[in-house]
Amino acid sequence: MAITAQDVNRLRQETGAGMMDCKKALTEANGDFEAAKDILRKQGQKIASKRADNATSEGIVLTQVSDNGATGVVVALACETEPVSKVEDFRNLAQSVLDAAVSTGASSKEELLATPQADGRSLQDHITDLMGKIGEKIDVVSYETVKAEKVVAYNHSNGKLGVLVGMSNTNGTDVTEVGKDIAMQIAAMKPIALDKDGVDSATIEREIEIGKEQARAEGKPENMLEKIAQGKLNKFYKESTLLNQEFVKDSSLTISQLLEKTSKGLTVTEFKRVAIG
């Protein structure tokens with residue numbers, strides 16, 4: 001049967017696929033709209049399979065905190081190239097991922113991707129559909145939550161970095177501003193843990209060995225290497241653990257001291273830093 005421009009436009013409106021793809025799908029389906037939709041979905045599945053190993057170094061990171069301020073969510077939707085990350089359909093999809101995360105409280109990425117959307121199909125199905133339309137790999141590369149007495153979120157201006165900070169013992173103090181300052185600290189300084197107790201043993205062993213090798217290269221005696229390495233490890237803790245870092249806005253304070261100055265007993269219980277690229 002003849003495929004009219006009106007038919008092609010209708011399928012395009014319903015699926016968002018390109019004009020030529022819609023025309024090819026309708027032609028292959030002999031004008032059957034539902035069959036044409038299935039063809040377009042299979043196209044997305046083929047692209048997903050073909051590009052499964054491709055790197056996704058672009059995309060968008062979104063955060064949201066619940067109305068009561070006690071739960072925060074951060075999601076990262078990644079793609080292959082920067083132009084795709086700016087496409088409206090991609091950004092709308094990222095918002096759908098965030099909305100699903102907030103509404104369901106999914107316990108894992110897999111559970112999140114299985115979330116039914118308004119049409120009854122899963123979030124993963126919608127991601128696959130957009131891959132077919134755009135021709136790039138698209139993936140939820142990170143999904144994190146933080147629960148605390150007070151959660152503060154920060155999104156960097158490039159849209160590719162988000163931070164959640166959970167705080168406790170606020171004692172009725174409004175800690176929103178200090179929470180934002182700490183979130184920006186995390187964004188800039190990339191701490192690997194809250195304090196030294198949160199640093200895994202493998203990292204500690206590696207830092208001690210590096211310290212020994214540096215001291216040995218400087219000609220220090222063997223019987224001094226362990227002591228010197230421990231000193232370097234303490235410096236590593238100060239630079240790489242949040243509560244021990246110097247506050248970037250006031251180097252006379254550590255983050256721990258900043259919290260205590262804001263409200264006695266105030267502390268950070270958890271943080272998540274998510275970045276693309």
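Author: The structure holds 15 salt bridges. Keep in mind as we talk that this is a predicted model.

Reader: Thanks! Which residue does Lys 272 meet in a salt bridge?

Author: The partner of Lys 272 is Glu 144, and their side chains come together at 3.7 Å, N to O.

Reader: Nice. Where do Lys 272 and Glu 144 lie?

Author: Lys 272 is in strand β8 (residues 267–275) and Glu 144 is in strand β3 (residues 139–147), so the pair ties together parts that are 128 residues apart in sequence.

Reader: And is Lys 272 buried, partly exposed or exposed?

Author: Lys 272 is partly exposed, with 24% relative accessibility. Glu 144 is partly exposed too, at 29%.

Reader: Okay, what about Glu 209 and Lys 212, how do those side chains meet?

Author: They form a salt bridge of 4.0 Å, N to O. Both sit in helix α9 (residues 201–217), and because they are three residues apart there, about one helical turn separates them.

Reader: Is Lys 212 buried or exposed?

Author: Lys 212 counts as buried because its relative accessibility is 18%, under the 20% cut-off. Glu 209 is partly exposed at 43%.

Reader: Which residues are linked in a network of salt bridges?

Author: One such network links Asp 119, Arg 121 and Asp 129. Within it, the side chains of Arg 121 and Asp 119 meet at 3.8 Å, N to O.

Reader: How accessible is Arg 121?

Author: Arg 121 has 16% relative accessibility and so counts as buried. Asp 119 has a relative accessible area of 45%, which makes Asp 119 partly exposed.

Reader: Changing topic: which domains does the domain assignment give?

Author: It gives domain 1, covering 5–51, and domain 2, covering 54–147. Their C-alpha centres are 23 Å apart. Nine residues from domain 1 and 11 residues from domain 2 take part in the contact.

Reader: How much area do domain 1 and domain 2 bury between them?

Author: About 880 Å², with 51% of it on carbon and sulfur atoms. On the domain 1 side, Arg 41, Ile 47 and Arg 51 supply 59% of the area buried against domain 2, more than any other three residues.

Reader: How many salt bridges are there between domain 1 and domain 2?

Author: The count there is zero. By class, the side of domain 1 touching domain 2 has three nonpolar, four polar and two charged residues.

Reader: While we're in that part of the chain, where is Asn 9?

Author: Asn 9 belongs to helix α1 (residues 5–15), and its relative accessibility of 36% makes it partly exposed. Ser 122 is 113 residues away from Asn 9 along the chain, and their C-alpha atoms are separated by 25 Å.

Reader: Good. Now the threonines: what joins the side chains of Thr 63 and Asn 155?

Author: A polar contact of 2.4 Å joins them. Thr 63 is part of strand β1 (residues 58–65) and counts as buried, at 15% relative accessibility.

Reader: What else is Thr 63 in contact with, leaving aside neighbours within four places in sequence?

Author: Its contacts include Val 73, Val 74, Leu 98, Tyr 154 and Leu 164.

Reader: And Thr 241, is that one buried or exposed?

Author: Thr 241 is buried, with 0% relative accessibility. It lies in the loop between α10 (225–240) and β6 (246–247). Not counting residues up to four places away in sequence, Thr 241 touches several residues, among them Pro 191, Leu 194, Asp 195 and Phe 236.

Reader: Last one, about backbone angles. What is phi of Asn 171?

Author: Phi of Asn 171 is near 55°, a positive value in a residue other than glycine. Most residues other than glycine have a negative phi. Asn 171 is in the loop between β5 (161–168) and α8 (176–189), and it is exposed, with a relative accessible area of 56%.

Reader: What about Lys 190, where does that lie?

Author: Lys 190 is in the loop between α8 and α9. Its phi is positive, about 50°, although Lys 190 is not a glycine. A relative accessible area of 53% makes Lys 190 exposed.

Methods:
Residues are numbered from 1 along each chain as its sequence is written. This is a predicted model: local features need pLDDT of at least 70, side-chain atom pairs count only at pLDDT 80 or more; totals for chains, interfaces and linings use all residues. Side-chain values use heavy atoms; hydrogens and water are left out. Domain bounds come from an automatic or database domain assignment. Contact means heavy atoms within 4.5 Å. Buried area is the accessible area (1.4 Å probe) that two parts lose on being put together, summed over both. Ala, Val, Leu, Ile, Met, Phe, Trp, Tyr, Cys and Pro count as nonpolar, Asp, Glu, Lys and Arg as charged, and the others, Gly among them, as polar. Helices (H or I, at least four residues) and strands (E, at least two) are DSSP runs, numbered from the N terminus. Buried means under 20% relative accessible area, exposed over 50%, partly exposed in between (1.4 Å probe, protein chains only). A polar contact is a pair of N or O atoms within 3.5 Å; within protein, one must be able to donate a hydrogen and the other to accept it, and residues adjacent in sequence count only if both atoms are side-chain atoms.
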